[in-house]
Amino acid sequence: MTVHEKRLVKSKNRVQKYGEVFTPDWIVKKMLSEPSIQNKLHDIHATFLEPSVGEGAFVTEILHQKLTYVDEISNKSNWIKNTLWVIASIYGIELLDDNLIIAKQNLVEVLSQHYQNFYQKKLSKNTDLYKSARYIIDNNIVQGNTLKYITNSGDLIIFSEWIKRGDKVSQRQFTFKSLIESDNSNQYQSTEFIKINKVYKLKIEKV
């Protein structure tokens with residue numbers, strides 16, 4: 001797997017200001033090799049949350065390993081559905097915008113590599129898979145301060161739950177703070193269920 005090559009330190013200033021030091025790939029792989037974590041990586045719907053995404057060391061490796069499992073259990077008719085459920089299971093928060101952009105790009109690159117290996121063709125940006133994957137990634141990998149529960153603009157960090165009903169999905173948005181404090185107020189939810197490869201067409205309304 002080739003993703004954006006990560007340096008451990010971008011600058012001394014960033015280390016001093018943000019405590020930013022990236023995790024080496026070998027440590028990421030070692031941490032994810034624990035048997036209990038491997039069991040979850042072989043569960044399409046098991047969720048993961050990375051509270052300090054950086055450039056995506058953990059989330060991209062989680063996606064890679066989960067998609068490796070999808071490659072093994074899927075056929076050409078259900079690979080896309082299984083892949084989108086995997087993408088919907090991975091969450092993350094990143095404080096710095098430049099890191100966030102790279103992390104999302106790295107996730108899309110992992111997806112594109114697995115798609116090309118499985119179908120023997122490149123993933124087009126015009127496909128429902130690409131559009132739905134980007135929609136889910138943009139809702140699941142978000143900017144914010146994990147410790148303060150807020151974004152750079154002062155708004156509460158918003159996450160999405162992807163609610164499965166048969167082969168369809170609906171979207172419920174909630175604040176990260178409510179997840180930590182078990183507060184169910186200020187939720188937003190799609191009014192419909194739709195096939196997951198069309199999830200980018202969902203509309204969210206307050207409930």
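Trainee: Let's start with W79 and F118. Are they buried or exposed?

Mentor: Both W79 and F118 are buried. Keep in mind that we're looking at a predicted model.

Trainee: And how do I describe two aromatic rings as a pair?

Mentor: You give two things: the distance of the ring centres and the angle of the planes. Now the case here. The structure holds nine aromatic pairs. In one of them, the ring centres of W79 and F118 are 5.4 Å apart and the planes sit at 20°. Planes under 30 degrees apart count as stacked, so W79 and F118 make a stacked pair.

Trainee: What about the rings of Y115 and Y119?

Mentor: Their centres are 4.9 Å apart with planes at 40°, so this pair is tilted. Here's a handy general idea: an α-helix has 3.6 residues a turn, so residues three or four places apart point the same way. In our case, Y115 and Y119 are four residues apart in helix α6, about one helical turn.

Trainee: Are Y115 and Y119 buried or exposed?

Mentor: Y115 is buried, at 8% relative accessible area, and Y119 is buried too, at 15%. Ring pairs join W79, Y115, F118 and Y119 into a cluster.

Trainee: α5 came up with W79. How many of the residues of α5 are buried?

Mentor: Eight of its ten residues, so α5 is largely enclosed by the rest of the structure. The buried ones are W79, N82, T83, L84, W85, V86, I87 and A88.

Trainee: What covers the buried residues of α5?

Mentor: The cover includes the helices α4, α6 and α7, along with the strands β2 (90-94), β4 and β5 (168-175).

Trainee: Let's do helix packing. At what angle do the axes of α4 and α6 cross?

Mentor: For a pair of helices, look at the axes, the crossing and then the residues that meet. Helix α4 (residues 57-73) and helix α6 (residues 97-119) have axes that come within 9 Å and cross at roughly 20°. Angles under 35 degrees count as roughly parallel, so α4 and α6 are roughly parallel to each other. Their crossing is right-handed.

Trainee: Which residues in α4 and α6 meet?

Mentor: On the α4 side you have V59, T60, L63, H64, L67, T68 and D71, and they meet A103, N106, L107, V110, L111, H114 and F118 in α6. By class, this contact has eight nonpolar, five polar and one charged residues.

Trainee: How do α6 and α7 pack?

Mentor: The axes of α6 and helix α7 (residues 128-140) are 11 Å apart, at an angle of about 145°. α6 passes α7 in a right-handed crossing. K104, L107, V108, L111 and Y115 of α6 meet L129, Y130, A133, R134, I137 and D138 of α7. That contact divides into eight nonpolar, no polar and three charged residues.

Trainee: Now some single residues. Where is E72, and is it buried or exposed?

Mentor: E72 is in helix α4, and it's exposed, with a relative accessible area of 58%.

Trainee: One more: where is T151?

Mentor: T151 is in the loop between β3 (141-143) and β4 (158-165). Buried means under 20% relative accessible area, so T151, at 17%, counts as buried. Leaving out residues up to four places away in sequence, T151 touches Q143, G144, L156 and I157. From T151 to L95 is 7.8 Å, C-alpha to C-alpha, and 56 residues in sequence.

Trainee: Zooming out, how many helices and strands are there?

Mentor: Eight helices and eight strands. Of the 207 residues of the protein, 46% count as buried. Among contacts between residues at least 6 apart in sequence, 62% join residues at least 24 apart.

Definitions and conventions:
Residues are numbered from 1 along each chain as its sequence is written. This is a predicted model: local features need pLDDT of at least 70, side-chain atom pairs count only at pLDDT 80 or more; totals for chains, interfaces and linings use all residues. Side-chain values use heavy atoms; hydrogens and water are left out. Axes are lines fitted to C-alpha atoms, for helices over the stretch in contact, and angles run from 0 to 180 degrees between N-to-C directions. Helices (H or I, at least four residues) and strands (E, at least two) are DSSP runs, numbered from the N terminus. Angles under 35 degrees count as roughly parallel, over 145 as roughly antiparallel, 65 to 115 as roughly perpendicular and the rest as oblique. A crossing is left-handed if the near helix is turned anticlockwise from the far one by less than a right angle, and right-handed if clockwise. Contact means heavy atoms within 4.5 Å. Ala, Val, Leu, Ile, Met, Phe, Trp, Tyr, Cys and Pro count as nonpolar, Asp, Glu, Lys and Arg as charged, and the others, Gly among them, as polar. Rings of Phe, Tyr and Trp (its six-membered ring) pair if their centres lie within 6.5 Å; planes under 30 degrees apart count as stacked, over 60 as edge-to-face and the rest as tilted. Buried means under 20% relative accessible area, exposed over 50%, partly exposed in between (1.4 Å probe, protein chains only).
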